[in-house]
Structures are given as C-alpha cells and as structure tokens.
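Please look at the sequence and the structure below, and then read the short report that follows.

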Amino acid sequence: LAGTRIICDRKFLLECKNSPAARTPPCCLPQTPGVTSLAQSSLVKLEELKERNESEEAMPGEQPRARPL
C-alpha cells in the first residue's frame, strides 16, 4: 500500500500560521484543563491577581508592597 504525501513549502506554512482559522480551536476539540484550556487552578490564580491589581489601583496613596516570587 502506498500513502499520500503532502508537501508544503516553508512560505506557505508560515502564512498559514497567521491565518484566522489557525487562531480558532476546532469546534469538537474536548476541553482538557491545562491542555486545551487553562487549568482550573490557573483560572483561580488569574482572578486573585485581577482582584489584587484592582485593589492596589483603588488605593493610590499607599506604597506598593514587594510581591513574593
């Protein structure tokens, strides 16, 4: 049995990278936390950072605290 080999040049592949279709996930892709979507813990961390930034912006008179690494 012989298979079909698809050959694309480098320029075409680089152009495909910027295509709108390349930036949209497939419709029937399963949602796997940490793989195809953000992990649940990452979402919680993002919300905490957002709340922290909003509270720091609300208090402009205070000195910014050093954040732990």
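## Lys-11 and its partner

Lys-11 counts as exposed, with a relative accessibility of 57%, where exposed means over 50% relative accessible area, buried under 20% and partly exposed in between (1.4 Å probe, protein chains only). Lys-11 forms a salt bridge with Glu-15, and the closest N and O atoms of the pair are 3.7 Å apart; the term stands for a side-chain nitrogen of Lys or Arg within 4 Å of a carboxyl oxygen of Asp or Glu. Glu-15 counts as partly exposed at 48% relative accessibility. Because the two residues are four positions apart in helix α1 (residues 10-17), about one helical turn separates Glu-15 and Lys-11. A search of the whole structure finds one salt bridge.

## Basis of the model

This is a predicted model, in which local features need pLDDT of at least 70 and side-chain atom pairs count only at pLDDT 80 or more, while totals for chains, interfaces and linings use all residues. Residues are numbered from 1 along each chain as its sequence is written, and side-chain values use heavy atoms, with hydrogens and water left out.

## The chain as a whole

The protein chain has two helices and zero strands, these being DSSP runs numbered from the N terminus (H or I and at least four residues for helices, E and at least two for strands). Of the 69 residues of the protein chain, 0% count as buried. The accessible surface of the chain comes to about 7,100 Å², and 59% of this surface belongs to carbon and sulfur atoms, as computed by the Shrake-Rupley method with a 1.4 Å probe.

In the loop between α1 and α2 lies Pro-25, which counts as exposed at 59% relative accessibility. The C-alpha atoms of Pro-25 and Thr-36 are separated by 8.6 Å, and the two residues are 11 apart along the chain.

## A negative patch

Glu-47, Glu-48, Glu-51, Glu-54 and Glu-57 form a negative surface patch, a term for residues with over 30% relative accessible area and no salt bridge, whose like charges are joined within 9 Å (for nonpolar side chains, Val, Leu, Ile, Met, Phe, Trp and Tyr, within 5 Å). Glu-48 has its place in helix α2 (residues 40-58) and counts as partly exposed at 47% relative accessibility.

## Cysteines

The structure holds zero disulfides, a disulfide being a pair of cysteine sulfur atoms within 2.5 Å. The sulfur of Cys-16 is 7.1 Å from the closest cysteine sulfur, in Cys-8, and is therefore too far away for a bond. Cys-16 is partly exposed, with a relative accessible area of 32%, whereas Cys-28 counts as exposed at 69% relative accessibility.

How values were computed: Lys and Arg count as positive and Asp and Glu as negative; His and the chain ends are not counted. The place of a charge is taken as NZ of Lys, CZ of Arg, CG of Asp or CD of Glu.
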